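Student: I'd like to go through this structure with you before I set anything up. Could you walk me through it?

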Amino acid sequence: MSEVNEIQIKCLNPNCGTWFPSPIFFGDSESFDSSMLEGNTVQCPSCGSMTPCNKENMRVRGKDGGFVGSDT
């Protein structure tokens with residue numbers, strides 16, 4: 001198991017695209033890999049829009065690697 005150091009969300013508002021810290025956090029990559037994240041939303045601190053908070057628009061940085069979602 002690799003320790004997760006940082007999880008960020010990309011705002012999917014086409015006029016924004018800001019990266020910001022995720023309100024959802026996992027302690028290790030195994031927990032992240034096995035999780036089902038669907039239908040979550042969060043308010044972007046930059047533009048104020050509600051944006052998805054799912055694996056598709058997340059990037060994860062860990063001690064031994066990371067993950068980049070398909071919408072990033």
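Tutor: Gladly, and keep in mind from the start that this is a predicted model. One place to begin is Val60, which stands opposite Phe67 in strand S6.

Student: How do S5 and S6 pair, then, and how many residues lie between them?

Tutor: Strand S5 and strand S6, the latter covering residues 65-68, pair in the antiparallel sense over four bridges, and the two strands form a hairpin with two residues between them. Within that pairing, Arg59 stands opposite Val68 in S6.

Student: What is the strand order of the sheet?

Tutor: The order is S2-S1-S5-S6, an open sheet of four strands with antiparallel pairing. Its edge strands are S2 (19-21) and S6, each of which pairs on one side only, and neighbouring strands of this sheet are turned by 20° against each other on average, if direction is ignored.

Student: How many bridges join S1 to S5?

Tutor: Five bridges join them, and the two strands run antiparallel. Reading along that pairing, Val4 stands opposite Gly62 in S5, Ile7 stands opposite Val60, and the bridge partner of Ile9 is Met58.

Student: And on the S2 side, which residue is the bridge partner of Gln8?

Tutor: The partner of Gln8 is Pro21 in S2, and S1 and S2 pair in the antiparallel sense over three bridges.

Student: Which residues make up the largest nonpolar core?

Tutor: That core has 12 residues, among them Val4, Ile7 and Ile9, together with Met58 and Val60. The set also includes Phe20, Phe26, Leu37 and Val42, as well as the cysteines Cys11, Cys44 and Cys53.

Student: Which elements give two or more residues to it, and which gives the most?

Tutor: Strand S1 (4-10) and strand S5 (58-62) are the elements that give two or more residues to this core, and S1 gives the most, with three residues.

Student: Changing topic to charges: how many salt bridges are there?

Tutor: The count comes to one salt bridge. Arg61 forms this salt bridge with Glu6, and the closest N and O atoms are 3.0 Å apart. The pair links distant parts of the chain, with Arg61 in strand S5 and Glu6 in strand S1, 55 residues apart.

Student: Are those two residues buried, exposed or partly exposed?

Tutor: Arg61 is partly exposed, with a relative accessible area of 42%, and Glu6 is partly exposed as well, with a relative accessible area of 30%. As a general point, side chains of opposite charge can pair when their charged atoms come close.

Student: What about Asn54, is it buried or exposed, and where does it lie?

Tutor: Asn54 is buried, with a relative accessible area of 11%, and it lies in the loop between strand S4 (50-52) and S5.

Student: What does the side chain of Asn54 reach?

Tutor: The side chain of Asn54 reaches the backbone nitrogen of Asn40 at 3.3 Å, and the backbone nitrogen of Gly39 lies 3.4 Å from a polar atom of that side chain. Leaving aside its neighbours within four places in sequence, Asn54 is in contact with Leu37, Glu38, Gly39 and Asn40.

Student: One more residue, Gln43: in which strand is it found, and what is it in contact with?

Tutor: Gln43 is found in strand S3, residues 41-43, and, leaving aside its neighbours within four places in sequence, it is in contact with Phe20, Gly48, Ser49 and Met50. For one of these, Gly48, the backbone oxygen lies 3.1 Å from a polar atom of the side chain of Gln43.

Student: And how far apart are Gln43 and Thr18?

Tutor: Gln43 and Thr18 are 25 residues apart in sequence and 11 Å apart in space, C-alpha to C-alpha.

Note on methods: Residues numbered from 1 in each chain as written. Predicted model: local features only at pLDDT ≥ 70, side-chain atom pairs only at ≥ 80, totals over all residues. Heavy atoms only, no water. Core = buried A, V, L, I, M, F, W, Y, C linked by side-chain atoms within 4.5 Å. Buried < 20%, exposed > 50% of the residue type's maximum accessible area, 1.4 Å probe, protein only. Pairing = 2+ DSSP bridges. Salt bridge = Lys/Arg side-chain N within 4 Å of Asp/Glu carboxyl O. Polar contact = N/O pair within 3.5 Å; in protein donor to acceptor, adjacent residues only side chain to side chain. Contact = heavy atoms within 4.5 Å. Axes fitted to C-alpha atoms, helices over the stretch in contact; angles between N-to-C directions.
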